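Visitor: I would like to learn how to read a protein model feature by feature. Could you give me the general idea each time, and then the case at hand?

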Amino acid sequence: MASSLLSRQLAVCLQHNLRMGAPAAGCRYVSKTATKTMVEFEYDAPSMKTEVPGPRSKELAKQLGEIQNVGAVHFFCNYEESRGNYLVDADGNRMLDLYTQISSIPIGYNHPSLMKAMANPNNLSTFVNRPALGILPPENFPDKLIESLLSVAPTGMTRVQTMSCGSCSNENAFKAMFIWYKLKERGMRLPSEEESTSCMINQSPGSPNLSILSFMGAFHGRTMGCLATTHSKVIHKLDVPSFDWPVAPFPRLRYPLEEFARENAQEEDRCLEEVEDLIVKWRQKGKPVAGIVIEPIQAEGGDNHASPDFFLKLRSIARKHGCAFHVDEVQTGCGTTGKFWAHEHWGSDDPADVVSFSKKMLTGGYFYRDELQADKVELSLSHF
């Protein structure tokens with residue numbers, strides 16, 4: 001979603017340049033409501049001119065409200081005037097952005113290096129032509145992945161699948177875990193005719209009754225599969241059908257940590273015991289757990305933490321029960337915690353089977369181990 005928006009912005013910018021006969025200096029995009037060219041400068045303090053939302057934002061909210069739902073809109077932004085950690089709204093209020101949008105701005109607004117990269121003619125082709133990377137990638141795509149995403153791959157990860165956003169990254173990671181689980185269960189054999197035909201009408205055995213275990217307070221996205229693993233806010237889930245998948249308690253630690261070491265260890269052990277009980281219970285229900293998904297720090301769920309020992313034991317439980325272990329780093333990845341990946345703080349040389357990313361990475365996708373490569377299935381199905 002973000003990449004397609006950026007593509008449209010760059011395309012409009014390019015059209016402007018061609019029409020005017022010269023490039024607009026530092027042009028990010030051009031529209032009826034944003035005709036200013038980029039000028040490099042910095043802010044050193046907030047500056048408030050109106051209440052928030054101000055009159056202009058309220059006017060725009062009324063206008064947009066005639067087109068789509070604006071219930072979640074806080075205010076409208078002037079991105080051309082925003083710089084670094086400062087976000088400027090449509091009324092000229094300059095605010096210190098402590099949250100980098102929704103953890104999605106890696107090095108501040110209009111960073112010169114990123115602006116330069118976006119204006120690089122070598123990169124323009126990708127944005128203008130918007131290649132279907134899965135079937136018609138550009139010839140430099142392998143090199144681009146090696147020098148970018150794979151250069152920061154989590155420990156033990158040798159592969160990466162690119163996506164557009166956090167939700168679709170997690171959604172497709174879930175699919176990879178399901179396919180991996182069924183491949184193991186079938187002993188790597190070809191699917192039966194019954195499996196191949198039943199999946200087309202959403203029935204078992206082709207559409208198996210598998211599940212993903214998640215945690216209370218988790219947020220993994222708003223698409224249908226991800227929503228079944230999201231448990232942070234009622235508004236996300238109310239009135240939307242969902243899967244019957246297990247939900248385990250996430251530790252609720254007491255602070256200061258050094259004063260409650262014994263109580264917190266007991267709390268984490270309680271949650272781990274519940275995880276194992278749920279895995280057994282769902283297997284008995286005929287809905288075995290194919291994967292466990294967890295955030296290294298629950299972000300939207302309330303800044304909830306657990307110890308490295310908790311995550312390492314959870315990883316061991318996943319191995320014990322034959323579940324894939326998926327670490328969702330959409331919000332915690334890209335240097336937020338002092339290491340590039342938050343799970344690096346666990347000190348493990350085998351932290352996960354899948355690690356998803358998006359937001360501050362300015363792209364989306366998931367890293368994964370060789371054994372979760374789904375093309376083995378697709379190649380086997382080529383005769384159908």
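Guide: Let us begin with a term for accessibility: a residue is called buried when its relative accessible area is under 20%, exposed when that area is over 50%, and partly exposed in between. The model shown here is predicted, and of the 384 residues of the protein, 41% count as buried.

Visitor: With those cut-offs, is Tyr79 buried, partly exposed or exposed?

Guide: Tyr79 has a relative accessibility of 25%, so it counts as partly exposed. Tyr109, by contrast, has 5% and therefore counts as buried.

Visitor: How many aromatic pairs does a search of the whole structure find, and which residues form a cluster?

Guide: The search of the whole structure finds 14 aromatic pairs. One aromatic cluster is formed by Phe215, Phe250, Phe310, Phe311 and Trp346.

Visitor: Let us turn to the secondary structure. How many helices and strands are there, and what is the order of the strands in the open sheet?

Guide: The protein has 13 helices and nine strands. Strands of a sheet pair through backbone hydrogen bonds, either parallel or antiparallel. Here, seven strands make up an open sheet with mixed pairing, in the order β3-β9-β8-β7-β6-β4-β5. Its edge strands are β3 (159-163) and β5 (247-248), each of which pairs on one side only.

Visitor: In which sense do β4 and β5 pair, and over how many bridges?

Guide: Strand β4, residues 211-215, pairs with β5 in the parallel sense over two bridges, and Ser214 stands opposite Val247 of β5. Helix α11 (residues 261-284) packs on the sheet, where it touches β4, β5 and β6, and its direction makes about 155° with that of β4.

Visitor: What can be said of β6, and of the strands with which it pairs?

Guide: β6 is mostly covered, with six of its six residues buried. On β4 it pairs in the parallel sense over three bridges, and Gly291 of β6 is the bridge partner of Ile212. With strand β7, residues 324-328, the pairing of β6 is also parallel, over four bridges, and Ile294 has Val327 of β7 as its bridge partner. Between β6 and β7 the chain passes through helix α12 (residues 308-320), and this β-α-β crossover is right-handed.

Visitor: Where does Phe357 lie, and which residues does it touch?

Guide: Phe357 has its place in strand β8, residues 354-357, and is buried with a relative accessible area of 0%. Not counting residues up to four places away in sequence, Phe357 touches several residues, including Leu149, Val160, Ser169, Trp341 and Tyr366. Ser169 and Phe357 are 188 residues apart in sequence, yet their C-alpha atoms are 7.1 Å apart in space. For the protein as a whole, among contacts with a separation of 6 or more, 65% are between residues 24 or more positions apart.

Visitor: As a contrast, is Gly134 buried or exposed?

Guide: Gly134, in the loop between α5 and α6, is exposed, with a relative accessible area of 76%. The C-alpha atoms of Gly134 and Met163 are separated by 9.8 Å, and these residues are 29 apart along the chain.

Definitions and conventions: Residues are numbered from 1 along each chain as its sequence is written. This is a predicted model: local features need pLDDT of at least 70, side-chain atom pairs count only at pLDDT 80 or more; totals for chains, interfaces and linings use all residues. Side-chain values use heavy atoms; hydrogens and water are left out. Two strands pair if DSSP finds at least two bridges between them. Contact means heavy atoms within 4.5 Å. Axes are lines fitted to C-alpha atoms, for helices over the stretch in contact, and angles run from 0 to 180 degrees between N-to-C directions. Buried means under 20% relative accessible area, exposed over 50%, partly exposed in between (1.4 Å probe, protein chains only). A crossover is right-handed if, with the strands pointing away from the viewer, the path from the first strand over the helix to the second runs clockwise. Rings of Phe, Tyr and Trp (its six-membered ring) pair if their centres lie within 6.5 Å; planes under 30 degrees apart count as stacked, over 60 as edge-to-face and the rest as tilted.
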